[in-house]
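Hi there,

Here is the model I promised to pass on. Have a look at it first, and my notes follow below.

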Amino acid sequence: MTRTMDVPADLREASAELVAATRALMLAAATTTADADTVRAARATIAELAETLGVRPRSRVLRPPFDGPSRSRDTGGREPWALFTHNPMGIPLEIHFGADEARARLVANALHEGPPDSVHGGFSAHLLDCMLGTLMQARGSRSLTASLDLRYLRRTPLDEPLDLYSRIVETEGRKTVAEGWIECRGERTVEARGVFVRVEE
Ligand SMILES: CCCCCCCC(=O)SCCNC(=O)CCNC(=O)[C@H](O)C(C)(C)COP(=O)(O)OP(=O)(O)OC[C@H]1O[C@@H](n2cnc3c(N)ncnc32)[C@H](O)[C@@H]1OP(=O)(O)O
């Protein structure tokens, strides 16, 4: 495992910019209306770039420090915690923490589509697991999701601002129950309830 602080700040910043540009490329690749020659030329350029960067020379994505979310929480929500800065597969979220709750805002796009014009249910689960799990982390608890129950109340639209929330319900011994939800224009679209179990490492 390589942690973000193990690489020079300049490389860290360049890597985050590369990942953001890669996400934009993923969206462009999935939605382009360019002609076949342009698409093939782009494919060749991308293949070259992949070779330049090397294929999986590091076995894992750069890992941010465990206490990143808790340091963000200590700012009282002023400085959000950015998720998936170094992983283009993750949906980037900027999470603002309160003491026992968190919120984030996001616009899902064509890459996240499940039912027509709507967010894939698996992505909603991913987003809510992140909202709940990172809140646990912000409270300094090394916990894993033991269960995550979801209720899909209505479709979650693409290309519109979505508000994501999570909060702690109760803690008993090693177990914490947390809940979260996604809202669009003030209406809940998905609700989640998760059980998190504290682990040693
Ligand atoms: C990038 C953003 C970061 C966010 C991270 C998001 C979080 C994640 O995605 S984590 C990845 C997905 N989760 C996992 O891989 C977890 C896999 N499972 C495990 O490792 C284990 O089963 C684990 C840790 C959950 C529990 O195992 P173990 O430590 O042996 O616990 P165990 O002794 O059986 O149970 C401890 C307590 O939890 C309870 N418990 C365990 N599982 C559950 C469950 N599914 N529901 C309710 N309670 C449960 C037990 O009943 C027990 O309660 P009590 O103390 O009252 O008797």
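**What I found**

Of the 201 residues, 33% are buried, meaning under 20% relative accessible area with a 1.4 Å probe and protein chains only.

Please keep in mind that this is a predicted model, where local features need pLDDT of at least 70, side-chain atom pairs count only at pLDDT 80 or more, and totals for chains, interfaces and linings use all residues. Residues are numbered from 1 along each chain as its sequence is written, and side-chain values use heavy atoms, without hydrogens and water.

On confidence, the average pLDDT (the predictor's confidence in each residue, from 0 to 100) is 96, and 100% of the residues score at least 70. For the complex, the predictor reports an ipTM of 0.92 and a pTM of 0.94.

As for the fold, there are 4 helices and 7 strands, taken as DSSP runs (helices H or I, at least four residues; strands E, at least two) and numbered from the N terminus. Their order from the N terminus is α-α-α-β-β-β-α-β-β-β-β. Among contacts with a separation of 6 or more, 67% join residues 24 or more positions apart; contact here means heavy atoms within 4.5 Å.

Finally, the C-alpha trace spans about 60 × 40 × 30 Å along its principal axes.

Best wishes

Terms used:
Buried means under 20% relative accessible area, exposed over 50%, partly exposed in between (1.4 Å probe, protein chains only).
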